[in-house]
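Please look over the sequence and the model shown here before reading on.

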Amino acid sequence: MRDSRRTRLVLVVLLLVSLTLIALNGSSGPGHAIRSGASAVFGPVQRAAASAFRPIHDFFGGIGKDQQAQLNRLKQENDLLRLQERASQYATCRAGELNALMHLAGIGQYTIKPAQVIAVGPAQSFAWTAEIDSGAQDGLKVGMTVINGDGLVGKVEFVSTSTSVVLLAIDPEFKVGVRVESTLEVGAVSGEGTDPMTVQLLTGQELRQGDRLVTDFRPDSLFAGGVPVGTLTSVHGTVGSLGRSASVQAYVNFTALDLVGVIVDNPRTDPRDSVLPPKPTVTPGVVATPPGSSCGSPAVAATTATPTASATGTANPTPSTSHSP
Amino acid sequence: MRYGRIVMVALLLATAVVLQTVVLSRIPFPQATPDLVLLVVVALAMVQGPNSGAVIGFFGGLMVDVVPPADGAAGRWALVLCLVGWFAGRAGDAVEGSAFLPLLVVVGSAFASLVGYAAIGWLIGDVRVTSSPVLRAIPAAVLYDVLFSPFVVPLVMALAKRFEATTTYARTIR
C-alpha cells in the first residue's frame, strides 16, 4: 500500500516536472541550460562514438570505401575551382559592364569551415536536425549557412563549444528566402520532412519545371545568398494568381549527409579574408556549380575541368540579381 | 548496491541515447528509427517496477529531449517515457517468465509513446507534427521496436535482474 502511494506520488511529481519543462520551453529558459549542459557532456562522447562507428555508417551511407579518394577528389576540385575563380575575377576586372555588375553583387568569397556530421535526430521526434563536429571554438554562430558539395543543407541552430546542431532545410521549421534563377522571382522555401520541399512565390509569372532556386542575398544577414537549393518539380496554381506554390527537389541528399561546410564569413562582411590559401574557400558562383545543374543532378564528377568554367559564367549572375530589382 | 544500480541504469540510458543518435538514426530506416531508449526503459521498468520505471523513463526521455541534435521542447519525451516506464513497471509482474508477453508490452509502449509524443506536439502547436509523418511513423516504429527488442530487452532485463537480485534479496532478508 505504502509502495503504491509512493509510486503515484513519484509519477505525479515527474509528470509535473515534465509539463513545467515543456511550458518553460524557450531559447533562454532552463531548457536551454539543460541542453547546453547535455551537449557539453554528450558532444565529445558522440564525436568519439561517431568515429568508432564510422564503418557502420559508411556501409549504409554507401560512400565508405572511397572516402579518402572522395576527399582528395574534392580537394583537387576545390583547388581547381579556386584557380578558376581567380581567373574569372581577373576576367571580370577587364570586362566593363560585367565588372560593374559583379562588384555590385559584392563578389566576395564564402569562407567555409568543413565539418563532419556525427549524429542525427531520431525520425520519431519529427525533427530534421544533425549534429556536426565543430562549434563555437571554430567560429560558428547561430544562423550561419550550412552547405555541402550539392547545395543548401541547413542553418546552424544551436552552438556548443565543440559541436553544433544544424536545422536541416527539410525540417518543417526551416524557412529561407529564395529566388528563381531564371525569372528572379522572390519566394520562400519551407521544409516538409520526407515530402519534397515547397516554395511559395509571390507573383504568378510563368514557372517551368527544372527552374533552379538559390537563396536570396541579404546584406545584413548571417545567412549567405546565392546558395543553390533545388529545382522546381511541379508547379501548383494558375498563371497570374497572386502567390503560387511549387514542389522543390532539393540538390542535397539529406539521408546521406556526411561532409558539410559552414559559411563562417559572409561575402559582404569580409570579402578579402577568404583568399587565404589553407582554408577551402569557395565563391558564390563556384558554390553554384557543383550541383551539376548544367548537367543533371548526380553527375558532379563530370563537371571537373573545362565545363565548370562555363558553368561559373552562368552561375555568377545569381548573387548580383539580388541587387537589381 | 543502490548506487551500483543507479550507475548501471545511467550508463545503459546514456549508451542507448548515444547509439541511437550516432548509429541508428543515421541508418536510413524508412519513416522511423528503432527506439533503443524506449526498449531500455521498458526492459528496466519490467524488472524494477512502476516506481523505478517512472524515474528511469523520465530521465531517459529527458536525455532524448536534450542530447543534441534534439531541439524539441525539453520534457516531451520525458513525460511520455515516464508514463511508459510506469505502465511497463506495472505490467512487469504479469509478464514475468513469459517470452511472448514482454513483446506485447513493447508493442504497446512503442505505439503509446509515439501517439503521446505527437499529441503533446499537437497541443503545443509544433509545426512538425502533422498527420502524414505521424501516421507513417507509427507502424514503422512499432515494427522496428519489435524487431530490435529480442536483441535488447532480454539482455537489459538480465543485467537489471542481477542488480535487482542482490538488492531485493538484501531487503527481504532484512
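How many residues does helix α4 of chain B have, and how far does α4(B) reach from its first C-alpha to its last?

## A helix of chain B

Helix α4 of chain B (residues 101–123) has 23 residues and reaches 33 Å from its first C-alpha to its last, close to the 33 Å expected at 1.5 Å a residue. The expected span is 1.5 Å times one less than the number of residues. Helices (H or I, at least four residues) and strands (E, at least two) are DSSP runs, numbered from the N terminus.

Among the buried residues of α4(B) are Val105(B), Val106(B), Leu114(B), Tyr117(B) and Ile120(B). A residue is buried if 20 or more other C-beta atoms lie within 10 Å of its own, exposed if 12 or fewer, and partly exposed in between, with C-beta atoms placed from the backbone. After α4(B) comes Gly125(B), which has a positive phi, near 75 degrees.

## Basis of the model and confidence

This is a predicted model, in which local features need pLDDT of at least 70 and side-chain atom pairs count only at pLDDT 80 or more, while totals for chains, interfaces and linings use all residues. Residues are numbered from 1 along each chain as its sequence is written, and chains are lettered from A and ligands numbered from 1 in the order in which they are written.

The predictor assigns the complex an ipTM of 0.85 and a pTM of 0.74. The average pLDDT (the predictor's confidence in each residue, from 0 to 100) of chain B is 86, and 93% of the residues score at least 70. Over residues 169–174 of chain B, pLDDT stays under 50. Where pLDDT is low, the predicted coordinates should not be read in detail.

## Chain A and its strand β9

Chain A contains 8 helices and 13 strands. Of its 325 residues, 45% count as buried.

Strand β9 of chain A (residues 212–215) is covered on both faces: Arg212(A) and Val214(A) are buried on one side, Leu213(A) and Thr215(A) on the other. β9(A) pairs (at least two DSSP bridges) with strand β6 of chain A (residues 175–180) in the antiparallel sense, over 3 bridges. Strand β10 of chain A (residues 228–236) also runs antiparallel to β9(A), joined by 3 bridges. Val214(A) is the bridge partner of Arg179(A) and stands opposite Pro228(A) in β10(A).

## Contact between the chains

The contact takes 49 residues from chain A and 43 from chain B. Two residues are in contact if their C-beta atoms, placed from the backbone, lie within 7 Å.
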